[in-house]
Amino acid sequence: MKKVLLAAIIAMSGLVLNAQQPQKVPAYRGEIVREQPDGYQLKTFLRGDERSHYAMTLDGWQIKENVKGYLCYATQKRDGSIVASRKVAHNEADRKKCESKWLERKGIRKNQ
């Protein structure tokens, strides 16, 4: 009898814990201005939810933070992983021509 009662209690607690799982919450949809370590003001968006998310520039290029704290353009390695490149991200109006060419070849463009 004790085993049946214990099994019932465990089953009920499992149902209660599953019912309390948080639902997916979407990322903040508005523009976020992030200050780079050198003082540059980069305008960004977040996309995704609390489990899977990424940041991107206003014109849709995915960005990731590097070990020095800079937001850099994201690039894909041969194994498929997404990593921060060596190219520090800039707002579209502030990009140099060579930076835009690099993005077209190696950057990751996301739908907004």
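The exercises below, each with a worked solution, lead through a predicted model of a protein.

**Exercise 1. Describe the overall make-up of the protein: how many helices and strands are there, and in what order do they run?**

Step 1. Counting the elements gives 2 helices and 6 strands.

Step 2. Followed from the N terminus, these elements run α-β-β-β-β-β-β-α.

Step 3. The protein has 112 residues, of which buried residues make up 27%, and its accessible surface comes to about 8,400 Å², with 55% of that surface belonging to carbon and sulfur atoms.

Step 4. Among the contacts with a separation of 6 or more, 40% are accounted for by residues 24 or more positions apart.

**Exercise 2. Work out how the strands are arranged: in which order do they lie in the sheet, and which are the edge strands?**

Step 1. The 6 strands form an open sheet with the order β1-β2-β3-β4-β5-β6, and the pairing is antiparallel.

Step 2. The edge strands are β1 (32-35) and β6, each of which pairs on one side only.

Step 3. On average, and with direction ignored, neighbouring strands of this sheet are turned by 55° against each other.

Step 4. Taking β5 (residues 71-76) and β6 as an example, the two pair in the antiparallel sense over 4 bridges, and cysteine 72 stands opposite valine 88 in β6.

Step 5. β5 and β6 form a hairpin with 5 residues between them, and glycine 80 in the turn has a positive phi of about 95°.

**Exercise 3. Consider arginine 95: is it buried or exposed, and what surrounds it?**

Step 1. Arginine 95 is found in the loop between β6 (82-88) and α2 (97-106).

Step 2. Its relative accessible area is 12%, and a residue counts as buried when this value is under 20%, so arginine 95 is buried.

Step 3. Once the neighbours within four places in sequence are left aside, arginine 95 is in contact with Thr57, Asp59, Trp61, Tyr73, His90, Ser100 and Leu103.

Step 4. A polar atom of the arginine 95 side chain lies 3.2 Å from the backbone oxygen of histidine 90.

**Exercise 4. Repeat the analysis for phenylalanine 45: where is it found, and which residues is it in contact with?**

Step 1. Phenylalanine 45 is found in strand β2 (residues 41-48).

Step 2. Phenylalanine 45 has a relative accessible area of 15%, and is therefore buried.

Step 3. Leaving aside its neighbours within four places in sequence, phenylalanine 45 is in contact with Arg29, Gly30, Glu31, Tyr54, Ala55, Met56, Thr57 and Leu58.

Step 4. Phenylalanine 45 and tryptophan 61 are 16 residues apart in sequence, while their C-alpha atoms are 10.0 Å apart in space.

Methods: Residues are numbered from 1 along each chain as its sequence is written. This is a predicted model: local features need pLDDT of at least 70, side-chain atom pairs count only at pLDDT 80 or more; totals for chains, interfaces and linings use all residues. Side-chain values use heavy atoms; hydrogens and water are left out. Buried means under 20% relative accessible area, exposed over 50%, partly exposed in between (1.4 Å probe, protein chains only). Contact means heavy atoms within 4.5 Å. Accessible areas come from the Shrake-Rupley method with a 1.4 Å probe; for residues, only the protein chains shown count as cover. A polar contact is a pair of N or O atoms within 3.5 Å; within protein, one must be able to donate a hydrogen and the other to accept it, and residues adjacent in sequence count only if both atoms are side-chain atoms. Two strands pair if DSSP finds at least two bridges between them. Axes are lines fitted to C-alpha atoms, for helices over the stretch in contact, and angles run from 0 to 180 degrees between N-to-C directions.
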